[in-house]
Amino acid sequence: MRAQQKIIAVPLLVGVTLATLCVLMGAMSYLLAHGNETLPLAKLNNDSWKMSVHQLFQFAFSFTPLGYIELGLLILIYTQIIRVALLAWFYAKLGDKWFTWISLFITVILIYSNFY
Amino acid sequence: MTILIFSVLLFFFSILAGLMGALTGLGGGMVIIPVLVLLFHVNIHYAMGASLISVIATSSGTSIAYLKEGYTNLRIGLFLETAAVIGALIGALMVAAVSKVLICTLFSFVLLFSAYLTIKRKDEHETFSHSHSWAVALNLNAEFPTPYGRKPYQVQHVPAALTIMGIAGILSGLLGIGSGALKVLAMDQAMRLPYKVSTTTSNFMIGITAAVSAGVYFAKGYINPAIVFPVMLGVTLGAFIGAKLITKIHSRSLRFVFSIAVCLIAIQMLYKAITGDI
């Protein structure tokens, strides 16, 4: 059990660190460029961020300040998919069929909700 | 107010949210949504999107520490998560169809209920010599660390916990919160797990449930990076600090103060919803 818990903790740490670094880089660039501007609350509340998965990835890899933030957020969310997928792999290796299927089911729901 | 001041203020509120989320098990959303809606007048849908990111950050930040300590029961977490993810998907898909007033009203009641559960809770309850048949079949019984060595526990009422998890999932998707209080309720009161096992397993689960909802919120355009970045950075920092502090501080009085604050916020949200000022 302890080995299994440590296996999940490592990818979580890597994912959170990467996500935080991306968001931090985007945040610094965004604040350097726009920090002194008045908060455009009406614009923030009405801007449409509705994007297809393809557009979301294009924006995340646009290498703009907000793009870096978006990339960090996506890494943070996909880390959750990876941690459940790793558990599926772990239980499959142990030959625990019930928990392999349970983990795979959750992974499928996560993938569906993020890529549908 | 400039963008810099807004971001810095939100960053500090988010540290507090992450810290409280890690220490009380209530989750960062309880602080983030009211701060964004009541203080900064942000659209509640964007506040819920930011809150979901805060929940994932809290879960990720605290899970690392809790997994290493050996409290988290991954088998229970995964099994109950099957109901929570289905609920979260349903809740998140419903969110655009539900009015903001109804969301605020529901959110206020969830806040009040969470505060009540947090104040009422006992630190430990009796131990059982037998466990539910599903727990035996799925090998859910385990041990947890105590100052006197590892202590076994027997899992009770699995179907009831699974039902509560489904409801927690729907609320998570619908309100953009982690539903940590309901998850802890399912494990603490229904399954009769040791409290620390319940809170740490709940912390492990809320990130996965929120990630399901976050996918749908991204698709609907409710996650605005300009609002979310101070939240993500602040909550992650707060959750890391909270996870380090949890073994060193006695959180009973902290839980009480936090619950009172949550009640006041809930009343204010409810008032705004009733008067239509949302």
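Is B:Phe13 buried, exposed or partly exposed? In this predicted model, B:Phe13 has 28% relative accessibility and is therefore partly exposed; buried means under 20% relative accessible area, exposed over 50%, and partly exposed in between, with a 1.4 Å probe and protein chains only. The model is a prediction, in which local features need pLDDT of at least 70 and side-chain atom pairs count only at pLDDT 80 or more, while totals for chains, interfaces and linings use all residues. Residues are numbered from 1 along each chain as its sequence is written, chains are lettered from A and ligands numbered from 1 in the order in which they are written, and side-chain values use heavy atoms, with hydrogens and water left out.

Over all chains, the structure holds 12 aromatic pairs. Rings of Phe, Tyr and Trp (its six-membered ring) pair if their centres lie within 6.5 Å; planes under 30 degrees apart count as stacked, over 60 as edge-to-face and the rest as tilted. One of the pairs joins B:Phe13 and B:Phe40, which are edge-to-face at 6.5 Å centre to centre with 80° between the planes. This pair links distant parts of the chain, since B:Phe13 lies in helix α1 (residues 3-24) of chain B and B:Phe40 in the loop between α2 (29-39) and α3 (44-69) of chain B, 27 residues apart. Helices (H or I, at least four residues) and strands (E, at least two) are DSSP runs, numbered from the N terminus. B:Phe40 is buried, with a relative accessible area of 5%. The rings of B:Tyr217 and B:Tyr222 also form an edge-to-face pair, because their centres are 5.7 Å apart and their planes are at 75°. B:Tyr217 is buried at a relative accessible area of 0%, and B:Tyr222 is buried at 12%. In chain A, ring pairs link A:Phe57, A:Tyr78 and A:Phe115 into a cluster.

Helix packing between the chains was examined next. Two packed helices are described by the angle between their axes and the distance between the axes. Axes are lines fitted to C-alpha atoms, for helices over the stretch in contact, and angles run from 0 to 180 degrees between N-to-C directions. Helix α5 (residues 97-115) of chain A and helix α4 (residues 74-94) of chain B have axes that come within 10 Å and cross at roughly 30°. α5(A) and α4(B) are therefore roughly parallel; angles under 35 degrees count as roughly parallel, over 145 as roughly antiparallel, 65 to 115 as roughly perpendicular and the rest as oblique. Their crossing is left-handed, the term for a near helix turned anticlockwise from the far one by less than a right angle, with right-handed used if clockwise. Residues of α5(A) that meet α4(B) include A:Phe99, A:Ile102 and A:Tyr112, and those on the α4(B) side include B:Arg75, B:Leu78 and B:Glu81. By class, this contact of α5(A) with α4(B) has 11 nonpolar, three polar and two charged residues. Ala, Val, Leu, Ile, Met, Phe, Trp, Tyr, Cys and Pro count as nonpolar, Asp, Glu, Lys and Arg as charged, and the others, Gly among them, as polar.

The axes of helix α4 (residues 65-94) of chain A and α3(B) come within 10 Å and cross at roughly 55°. α4(A) and α3(B) are therefore oblique to each other, and their crossing is left-handed. The contact of α4(A) with α3(B) involves residues including A:Gln80 and A:Arg83 in α4(A) and B:Ser59 and B:Ser60 in α3(B); contact means heavy atoms within 4.5 Å. Its residues divide by class into six nonpolar, four polar and one charged.

Within chain B, α4(B) packs against helix α7 (residues 158-175) at an angle of about 30°, with their axes 6 Å apart. α4(B) is thus roughly parallel to α7(B), and the crossing of α4(B) and α7(B) is right-handed.

B:Ser54, in helix α3 of chain B, is buried at 0% relative accessibility. Leaving aside neighbours within four places in sequence, B:Ser54 is in contact with B:Gly28, B:Gly29, B:Ile32, B:Val231 and B:Val235. B:Phe107 is placed in helix α5 (residues 100-120) of chain B and is buried at 2% relative accessibility. The C-alpha atoms of B:Phe107 and B:Gly176 are separated by 9.5 Å, and the two residues are 69 residues apart along the chain.
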